[in-house]
Amino acid sequence: MKRKHRRMVIVAGGMAALGIVTAFLAVGLEDNLVFFYSPSEIAEKVKGPDQRVRLGGLVEMDSMAKSADGLTVTFRITDMAETVPVTFTGLLPDLFREGQGVVCEGSLRADGVFEAATVLAKHDENYMPKEVADALKEAGNWQGANGAGAAP
Amino acid sequence: MIAEIGHYALILALALAIVQGIVPLIGAQRNDAAWMALARPAVAAQFFFISTAFACLMYAFVVSDFSVSNVANNSHSTKPLLYKFAGVWGNHEGSLVLWVWILAFYGGLVALFGGNLPPALRARVLSIQGLIGVGFLAFILMTSNPFLRLDPAPFDGNDLNPLLQDPGLAFHPPLLYFGYVGFSMAFAFAVAGLIEGRIDATWARWVRPWTLLAWSSLTLGVALGSWWAYYELGWGGFWFWDPVENASFMPWLAGTALLHSAIVCEKRGALKSWTVLLAIIAFSLSLLGTFLVRSGVLTSVHAFATDPARGVFILGFLVLVVGGSLTLYGVRAPNLRSGGLFAPISREGGLLLNNLLLSTACVTVLLGTLYPVFLDVLGGSKVSVGPPYFEMTFIPLALPLLIVTGIGPLLAWKRADLAGALYRLKFAALGALAVIIVVVAVHSFADVMAALGLGAAAWLFLGVVTEIAERLKLFRLSLRDSLARAIGLPRQAWGMSLAHAGVAVLVTGIVATSTWRTEGIQNMRPGDTVALAGYEFTLNEVNFVEGPNYVAQRAEFAVTTDGRAVTLLYPERRRYQVTGQDTTEAGIHTTLLADLYTVIGEPDGSGGYATRIYHNPLVPWIWLGILIMVTGGAVSLTDRRHRVGAPRRARKPAPGARPQEG
């Protein structure tokens, strides 16, 4: 093979690889973006019970209840404007508390209950997820560092 | 007093770093030997002062001097001694001091062992190191001073985040930083080489051991973090594609690519500008890693210290370093004369393909990690990119990479015979095929991806064995002669084989545990038994125990299989009294084939407890594989030809002697 041919092969191989990867990336990102909504937004923005979304806000005080099997937990997430009931089966993270910020990932059922597949609470006890803080600010209920959860 | 000494030492170190960053650089341009010679004493003095500052901070932590704000915020008098030490870098300010200390340490190594480097190159490398030091020292002194005092001093401290009070995480940051900062060596050599306009085999020979050292530490550091997440978070998983994990994974991918392209650069004089670019990218991603973790732009389960004001500084620094070095690269790289032509099918071609796949993987991870940030900054929706994206993009790149890794070492330099290499790999191919068939037969076609993954791992492992066996002429010579050849084989060759075999073991562990993990979540009362994956787990009792600075609810699980006792497991749920924070300590029983993993949850108020039990097949292989990889790196580092400061060749080769191939 001549030098020119060699270069052609390498360039063509590189371009092909790049094309395939771009296709993968486009499809992968498109299908796997998980949108974050606050309790005020979720009802209108979610397209159906199949869409996987994140819901974030504060766990409403005295809203937590355990079912008889001891595994299914229900609670309500609020941004002080709207409230969404959540159901979750499994072990809650160590830092899950009423009155604290939380992010749930799952889907919104047709009956308006959010079915959480995972519940995220951060390691830091002062944790206020950035999205939650922003959502609270938008709803006009941000109380700053001394509020329901301290800003980082 | 001690804290003020530390603060003062940091200021002196900054002044020295400025001198080190400017004077030798100018000296090298002017060819002024005296100015260039200033680099080494400046490095030594800088190392001394940063060590002093580091020691002062450590002292403040060990004696619990709560008048120092950093100690008060991150320590407590009842904290065990190990975590008083680890607490030094378990927080933002202290971890940055560790960062610059390691930077100065690497600089010191160049000054110490760089006797045979051309003086101008050495001066420039040390200057670049000095300039990086200026950036970080200024950052510490301006935004993150670890020696700030509190008046009045609190009676006791706020304690270290309990999740960090763990042996795995005590050593995770130093190893990770040794890796991150290690890439600054490759970066400094790259920039110095660009300034000189000369990148040659000697240059690559110098870059390789540093990269290898950095890569080995980074591998160990990432693994330690992953191991910690596995046993401490209680989710049974070892990797979550979390932004902070990705932040350390991207430099690893770029560093692995650099490690391989530097070989081509050294042996064949090809891929020069690509290698230089990778060196710049690997270090830039290390800085980005620091930026992502420290700035608070990312929502993550692992980000411990976050402050947007600091983010702006690091972002500016990042722009300066990346922008500056890439501009220099743009100006100088076209003039680099690349030698060593090669056919697409050759060792070089294989390494190039490895590089393409690794850097593409790096780009996909980067995109997935930063896309939510960009979208947020541009005022779009708030999104997150989850594991499905990473798995979907990463696996199609990893599979061909494993296959190429199996073939590559059997290809000759310059021009190779692919058919011949494949023929030599017939046993590997048969083995891989057998693995795929067995997995599909035992499980089902639904697990075909797992079968392919395990097949690729088997292919790679058998490929490594084939290559070694050929080198030793195993079964063709007597065992004694083969042994002699094994001893005579360059350590670099052993290192490569070990590292590749480690990858095969690692991949096997990852594939098996991701595919065949079984999980049970249930409510149990003492005396209840749950069956999972052929084992019976009985919750014997739940007690309260007291630790040095926590109280714990501790469960006792008796594990049996076929009526035979296997082990007793003691998962805990700890509450740290100072912070009031709960942590999970999983109870894990490890065999070489699987982990039995138990977690105890909150009591339900009527005598029952939520429990989570996992059977994680082959998880130990993940850690074992990584250890083998790192051992490979260490073995390779001991190769005489890598030894820092070893002359290129001790004596002239005898006439007609063939140069050793590695």
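Select Thr560(B) and Ala565(B): in this predicted model, Ala565(B) in E6(B) is the bridge partner of Thr560(B). Now widen the selection to the two strands around this pair. Strand E5 covers residues 550–561 of chain B and strand E6 covers residues 564–569, and the two pair in the antiparallel sense over 5 bridges. Together E5(B) and E6(B) form a hairpin with 2 residues between the strands.

Next, go to a sheet in chain B. Select strands E2, E11, E10 and E9 of chain B, which lie in that order in an open sheet of 4 strands with antiparallel pairing. Which strands are at the edges? They are strand E2 (518–524) and strand E9 (587–590) of chain B, each of which pairs on one side only. Look along the sheet for its twist, which averages 15 degrees from one strand to the next. As background, strands of a sheet pair through backbone hydrogen bonds, either parallel or antiparallel.

Stay with this sheet and select strand E10 (residues 594–603) and strand E11 (residues 609–617) of chain B. These strands run antiparallel and are joined by 8 bridges. For one place to look, show Pro603(B), which stands opposite Tyr609(B) in E11(B).

Start with Ala533(B), in the loop between strand E3 (529–532) and strand E4 (535–546). This residue is not a glycine, yet its phi is positive, about 50 degrees. Is Ala533(B) buried or partly exposed? It counts as partly exposed, because it has 17 C-beta neighbours inside 10 Å, and a buried residue would need 20 or more.

Move to Trp241(B), in the loop between helix H9 (201–232) and helix H10 (243–268) of chain B. Trp241(B) also has a positive phi, near 55 degrees, and it is a residue other than glycine. With 18 other C-beta atoms within 10 Å, Trp241(B) is partly exposed.

The peptide bond from Asp151(B) to Pro152(B) is cis, with omega near 0 degrees. Pro152(B) sits in the loop between helix H7 (119–143) and helix H8 (167–196) of chain B.

Select Val100(B), Ala186(B), Phe189(B) and Ala279(B), the residues with the most contacts inside the largest nonpolar core, which has 205 residues. In general, nonpolar side chains tend to be buried together in soluble globular proteins.

Leaving out residues up to four places away in sequence, Val100(B) touches Ile50(B), Gly133(B), Phe136(B), Leu137(B) and Ile140(B). Another core, of 21 residues, lies apart from the largest one; among its residues are Val86(A), Val102(A), Val103(A) and Ala116(A).

Those residues lead to the last stop. Select the whole of chain A, which has 3 helices and 7 strands. Colour the chain by secondary structure and follow its sequence: the pattern is α-β-α-β-β-β-β-β-β-α. Of the 152 residues in chain A, 34% are buried. Finally, consider contacts in chain A between residues at least 6 apart in sequence: 55% of these join residues at least 24 apart.

Definitions and conventions: Residues are numbered from 1 along each chain as its sequence is written. Chains are lettered from A and ligands numbered from 1 in the order in which they are written. This is a predicted model: local features need pLDDT of at least 70, side-chain atom pairs count only at pLDDT 80 or more; totals for chains, interfaces and linings use all residues. Two strands pair if DSSP finds at least two bridges between them. Axes are lines fitted to C-alpha atoms, for helices over the stretch in contact, and angles run from 0 to 180 degrees between N-to-C directions. A residue is buried if 20 or more other C-beta atoms lie within 10 Å of its own, exposed if 12 or fewer, and partly exposed in between; C-beta atoms are placed from the backbone. Two residues are in contact if their C-beta atoms, placed from the backbone, lie within 7 Å. A nonpolar core is a set of buried Ala, Val, Leu, Ile, Met, Phe, Trp, Tyr and Cys residues joined through C-beta atoms within 7 Å.
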